[in-house]
Amino acid sequence: MTSRGTPSRFLRSVLQNGVGRYVCQLKRISIVFSKKAQSSLGARDFIEEGVVDYANKNPGTVVYVSPQPCRVPKIVAEYLNGNVREETITSKTSQQISELLTKLTNQSGLEIIRIRKPFHTDSPSIQGLWHPFTNRPPSIGPLRPQKPDSQ
Amino acid sequence: MSSFSRSAQQWATFARSWFLIDARMQPPGKIATMCSIRLQGKHKPIYHALSDCGDHVVVINSKHIAFSGNKWEQKVYSSHTGYPGGFKQVTAAQLHHKDPKAIVRLAVYGMLPRNLHRRTMMQRLHIFPEDELPYDIQANLTEELPQPREIPKKLSEYTREEIDAFPRLWTPPEDYKMK
């Protein structure tokens, strides 16, 4: 589709995250996988080895592990601004799943759509933005044409 | 004005001003360059061709413009009606007599960029043959631009003291007859 038909947004950060302290925007991560299926093999390996380390490294994120009978295993990531992202992890290795998790952790929750401009600033000018009266010398006397004062 | 809100600052930066130019005793080409610069918005640091940042320009006294040299008789304005045998050529003096606003208008038209914005910019140019302006245009004016050409003084406008103070080049003899 064209860029006019699809949604787009401006570049921004969530509440200037990182200027002061950094707050991880990932709220909750749910790993949905199956106990027996072949596609969830990587997920099961990851839960054996890596998920506890991940949870300890990211104390601000809640990790839910839910084994259910499901055909396609997925990771559901919820962010502080309410956005939910689902990624399927069928036939991924444990290493790939941990890489995916770091990617989701580092994202802010903003939508992944076209960014209109690759730059943004909250303080566009130090000396003040131009307006038609900056550097305009004051006019001498009132503007012509004038009615001559009746004597 | 750092105390402005975002929308107010945007409104201030992109506001359209109204300029006044007095064309009395001025060459129409110089008037036209000043007009075309301000109609395009090139006098602004925020200029961009697509952002419609031109201002309004009001030209008064266009009946009293002054061509240099013999242009009143020699400059030719040509047009064609589209019909066979419809090629018309008029001198500047004839055109000015028929329509006192035409010379300034054609000069500005030729100096604007040759794209579809030209017609919009011409709509923002207001030419008046004499001093009178309608009240609503007069109320919009923000700045009067200085005239490009310094008007030379006529001999009758010099005071007696200035004429006497001018250094004499030579003293004529007693019986010299002035022409």
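Mentor: Before we start, one term: contact means heavy atoms within 4.5 Å. Please also keep in mind that this is a predicted model.

Trainee: Understood. Which residues is Val14(A) in contact with, leaving aside its neighbours within four places in sequence?

Mentor: They are Gln25(A), Ser108(A) and Leu110(A).

Trainee: And where is Val14(A) placed?

Mentor: Val14(A) sits in the loop between strand E1 (8–9) and strand E2 (26–33) of chain A. Its C-alpha atom is separated by 8.2 Å from that of Gly109(A), although the two residues are 95 apart along the chain.

Trainee: Why does Val14(A) count as buried?

Mentor: Because its relative accessible area is 15%, and buried means under 20%.

Trainee: Let us turn to chain B. Is Ser17(B) buried or exposed?

Mentor: Ser17(B) counts as buried, because its relative accessibility is 4%. This residue belongs to the loop between helix H1 (6–13) and E1 of chain B.

Trainee: What is in contact with Ser17(B), apart from its neighbours within four places in sequence?

Mentor: From chain A there are Pro132(A) and Arg136(A), and from chain B there are Asp55(B), His56(B) and Thr142(B).

Trainee: You mentioned E1 of chain B. What is the order of the strands in the open sheet of chain B?

Mentor: The order is E5-E2-E1-E6, four strands with parallel pairing. E5 and strand E6 (143–144) are the edge strands, each pairing on one side only.

Trainee: How many bridges join E1(B) to E6(B)?

Mentor: Two bridges join them. In one pairing, Leu20(B) has Glu144(B) of E6(B) as its bridge partner.

Trainee: Which strands of chain B run antiparallel?

Mentor: Strand E3 (residues 76–80) and strand E4 (residues 87–91) of chain B do, and five bridges join them. For instance, Val76(B) has Thr91(B) in E4(B) as its bridge partner. The two strands form a hairpin with six residues between them, and Gly82(B) in the turn has a positive phi of about 100°.

Trainee: Which residue other than glycine has a positive phi near 60°?

Mentor: That is Asn61(B), which is found in the loop between E2 and helix H3 (71–74) of chain B. Asn61(B) counts as buried, because its relative accessibility is 1%. Asp52(B), not a glycine either, has a positive phi of about 50°. This aspartate lies in the loop between H2 and E2 of chain B, and counts as partly exposed because its relative accessibility is 45%.

Trainee: Last topic: what volume does the largest pocket have?

Mentor: Its volume is about 860 Å³. The lining has 25 residues, and the closest to the centre are Thr121(A), Pro124(A), Leu129(A), Arg6(B) and Gln10(B).

Trainee: And by class, what does the lining have?

Mentor: The lining of the largest pocket has 11 nonpolar, 11 polar and three charged residues.

Note on methods. Residues are numbered from 1 along each chain as its sequence is written. Chains are lettered from A and ligands numbered from 1 in the order in which they are written. This is a predicted model: local features need pLDDT of at least 70, side-chain atom pairs count only at pLDDT 80 or more; totals for chains, interfaces and linings use all residues. Side-chain values use heavy atoms; hydrogens and water are left out. On a 1 Å grid over the protein atoms alone, a cavity is a set of points where a 1.4 Å probe fits but cannot get out, and a pocket is an open set with protein on both sides within 12 Å along at least five of seven lines; lining residues have an atom within 4 Å of a point. Grid points are joined across faces, edges and corners, and a volume is the space filled by probe spheres set on the points. Ala, Val, Leu, Ile, Met, Phe, Trp, Tyr, Cys and Pro count as nonpolar, Asp, Glu, Lys and Arg as charged, and the others, Gly among them, as polar. Two strands pair if DSSP finds at least two bridges between them. Buried means under 20% relative accessible area, exposed over 50%, partly exposed in between (1.4 Å probe, protein chains only).
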